Amino acid sequence: MDYLISEGYPSAAQKFASEANIHPTSGVNSIQERIEVREAIHSGDIQNAIERINELNPLLLERDHSLHFALLRCQLVEMIRKCPLHSDDPKPAINFAEKELAPRAPTNPQFLHELECTMTLLIYEHHKLPSDLATMLEPAFRKDLAQRVNEALLREQGERTKAKLFDLVRLRAWSEQKAREAKKDIPDHLSLGLERMQSGRGKEPMHSNGEGEAMVA
């Protein structure tokens, strides 16, 4: 159940709860809202994501200063993305940084460092950015932030941020490694037993409604 909740399968979670005759937790009811937050971040609409987060949990960003700063920083990155060097006016991005991030930066050395790195994006043409700066303009930058937000929302709801299934897989891998180190007689390849499940499901991936792509942020 926790896997379906944390990974974002709303229909599958509701069906599982019904068939298992268990009461859905608050995490089930918020899956769709978390999916919408995730999609807003993935599309670069950070202001929309912040507003939706505040609707879901008005105190989250007030308490989690690091997450709030990360969202504002990503919003600044998106503004800079839209005003490449020698093109559009960078003043909106500079004004945003001065108003929203600069007052917060002195409270944490990491905030200050991240703000300085982000403002450096204004100096280079985007296709000439050093690799350490170019990562801010890659999809993975948004994706990592979306994952942080998803985990924070789950934590606030008292849900596990990682499904127990992942812990079991890691434990199984660790056990296999120890057995091999001890020279135990085990096959070269140990199946997880998921092949039959995959073949029964077919090749179509699961989506966020329980029939397709999961909410993997």
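**A helix pair and its surroundings**

Tutor: The axes of α4 and α5 approach within 8 Å and cross at roughly 160 degrees; axes are lines fitted to C-alpha atoms, for helices over the stretch in contact, with angles running from 0 to 180 degrees between N-to-C directions. The two helices are therefore roughly antiparallel to each other, a label given to angles over 145 degrees. This is a predicted model, in which local features need pLDDT of at least 70, side-chain atom pairs count only at pLDDT 80 or more, and totals for chains, interfaces and linings use all residues. Residues are numbered from 1 along each chain as its sequence is written, and side-chain values use heavy atoms, with hydrogens and water left out.

α4 passes α5 in a left-handed crossing, that is, the near helix is turned anticlockwise from the far one by less than a right angle. On the α4 side the contact (heavy atoms within 4.5 Å) is made by Glu33, Arg34, Glu36, Val37, Ala40 and Ile41. α5 contributes Ile46, Asn48, Ala49, Arg52, Ile53 and Leu56. By class, the residues of this contact divide into 7 nonpolar, 1 polar and 4 charged; Ala, Val, Leu, Ile, Met, Phe, Trp, Tyr, Cys and Pro count as nonpolar, Asp, Glu, Lys and Arg as charged, and the others, Gly among them, as polar.

Ile41 leads from this pair to other parts of the chain. Not counting residues up to four places away in sequence, Ile41 touches Ile46, Ala49, Leu71, Arg142, Leu145, Ala146 and Val149. Ile41, Leu71 and Val149 are the residues with the most contacts inside the largest nonpolar core, which has 39 residues. Such a core is a set of buried Ala, Val, Leu, Ile, Met, Phe, Trp, Tyr and Cys residues joined through side-chain atoms within 4.5 Å, where buried means under 20% relative accessible area with a 1.4 Å probe, protein chains only. Among the helices that each supply at least two residues of this core are α4 (31-42), α5 (46-56) and α11 (139-156). The largest share, 9 residues, comes from α7.

Of its 217 residues, 36% count as buried. Among contacts with a separation of 6 or more, 59% join residues 24 or more positions apart.

Notes
Buried means under 20% relative accessible area, exposed over 50%, partly exposed in between (1.4 Å probe, protein chains only). Helices (H or I, at least four residues) and strands (E, at least two) are DSSP runs, numbered from the N terminus. Angles under 35 degrees count as roughly parallel, over 145 as roughly antiparallel, 65 to 115 as roughly perpendicular and the rest as oblique.
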